[in-house]
Amino acid sequence: MTEPHGVAAPIKQNVVLYGALAANLGIAVAKFAAAAISGSSSMLTEGVHSLVDSGNQVLLLYGQKRASRKADASHPFGYGRELYFWAFVVAILIFAVGAGVSIYEGLLHIQTPNPIEDPSLNYLVLGIAFAMEGASWAIAVREFNRSRGEQTWWQAIHRSKDPPGFIVLFEDSAALIGLIIAALGVWASVHFQDARIDGIASVMIGLVLAGVAVLLARESKGLLIGEAADPHLIGRLRAVLDGHDRIDAVNHIRTIHTSPQAIFVAISADFADDLRMGEAETLIEELECQMKALSPWITSIYIRPEKRADAMVW
């Protein structure tokens with residue numbers, strides 16, 4: 001996410017997570033009750049979906065707490081990237097549990113169909129669930145839009161360094177799609193008097209979850225390995241260096257997010273040959289002050305004087 005527009009503060013991220021958790025827990029209970037009464041495969045699948053989503057929100061809250069620990073001798077750059085680990089775990093759970101159980105249950109129901117006698121309860125629960133999921137989705141969209149600025153949605157998701165924001169958005173979007181599929185599956189199963197359609201709906205919900213899980217895993221993997229800061233910020237850092245007459249060349253600027261709101265900056269620059277040691281120290285301090293003023297997320301800056309010919313540039 002680009003810093004100039006300001007990503008939602010941690011407390012606001014928790015509002016999104018707590019809102020989604022409350023909605024999913026209530027919805028899960030209602031879906032399981034409806035599935036037990038009606039025997040609907042797609043309703044049971046939706047119940048599993050909501051239960052998995054609830055567990056995911058708990059894991060993200062836990063990850064945020066773990067990531068907020070202060071730096072120590074063992075982890076001098078802090079524990080911020082632990083949040084990325086738990087985000088990756090969430091993606092695995094969605095794929096293995098959410099998608100896996102949904103597809104398995106759907107195939108089982110296709111083989112041994114269980115007709116739905118009265119779909120009224122299913123429609124009632126699905127309608128309530130859609131309203132609750134829609135409210136959670138609206139909160140997630142509002143917070144996400146605050147942070148994405150002028151970027152497109154996909155650009156903002158791809159550049160985001162804050163997993164809870166886009167994970168809840170993905171989960172709620174998948175949940176709304178799943179509810180529509182489940183409702184259509186229940187209706188078609190009753191209308192055409194073919195209980196297998198309800199099982200097909202379960203498989204389709206599983207495939208939606210699998211797709212979301214793959215996208216989340218892809219984004220979380222990049223963050224876990226380590227991603228650079230926003231290109232716009234890197235350009236502004238370079239402008240600070242390029243604009244100084246005592247720097248002959250900027251060899252490279254390398255950045256990495258050590259947490260969603262923490263960036264480490266490493267710079268190699270070719271300083272003027274006649275610059276004395278004391279002058280160089282003063283210059284580096286001035287440059288660091290100017291760079292840290294560009295973003296509150298810059299926590300550490302390392303500037304290495306290095307001849308252009310000796311620097312490894314890529």
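This report walks through a helix pair, a loop residue and some aromatic contacts in a predicted model.

## Two helices side by side

Let's start with helix α3, which covers residues 82-111, and helix α7, which covers residues 196-225. Their axes come within 7 Å of each other and cross at roughly 165°. Because an angle over 145 degrees counts as roughly antiparallel, α3 is roughly antiparallel to α7. The crossing of these two helices is left-handed.

What kinds of residues make up the contact of α3 with α7? By class, there are 22 nonpolar residues, along with 8 polar and 3 charged ones.

## A loop residue with a positive phi

Next, have a look at the loop between α6 (163-191) and α7, where you will find Gln193. Most residues other than glycine have a negative phi. Gln193 has a positive one, with phi near 50°.

Is Gln193 buried or exposed? Its relative accessible area is 75%, and since anything over 50% counts as exposed, Gln193 falls in the exposed class.

## Aromatic rings that meet

The model holds 6 aromatic pairs. One of them joins Tyr62 and Trp86, with 5.2 Å from centre to centre and 80° between the planes, an edge-to-face arrangement. This pair links distant parts of the chain: Tyr62 belongs to helix α2 (residues 41-67) and Trp86 to helix α3, and the two are 24 residues apart. Trp86 also pairs with Phe85. The ring centres of Phe85 and Trp86 are 5.0 Å apart and their planes stand at 75°, so this pair is edge-to-face too. Together, ring pairs join Tyr62, Phe85 and Trp86 into a cluster.

How accessible are the members of this cluster? Trp86 has a relative accessibility of 16%, and because the cut-off for buried is under 20%, Trp86 counts as buried. Tyr62, by contrast, is partly exposed, with a relative accessible area of 38%. Phe85 is also partly exposed, at 40%.

## A charge over a ring

One more aromatic residue is worth a visit: Tyr79. What sits over the ring of Tyr79? You will find the charged end of Arg69 there, 3.8 Å from the ring centre.

Technical notes:
Residues numbered from 1 in each chain as written. Predicted model: local features only at pLDDT ≥ 70, side-chain atom pairs only at ≥ 80, totals over all residues. Heavy atoms only, no water. Axes fitted to C-alpha atoms, helices over the stretch in contact; angles between N-to-C directions. Helix = DSSP H or I, 4+ residues; strand = E, 2+ residues; numbered from the N terminus. Parallel < 35°, antiparallel > 145°, perpendicular 65-115°, else oblique. Left-handed = near helix turned anticlockwise from the far one by under 90°. Nonpolar A, V, L, I, M, F, W, Y, C, P; charged D, E, K, R; others polar. Buried < 20%, exposed > 50% of the residue type's maximum accessible area, 1.4 Å probe, protein only. Phe/Tyr/Trp six-rings, centres within 6.5 Å; stacked < 30°, edge-to-face > 60°. Lys NZ or Arg CZ within 6 Å of the ring centre and 35° of its normal.
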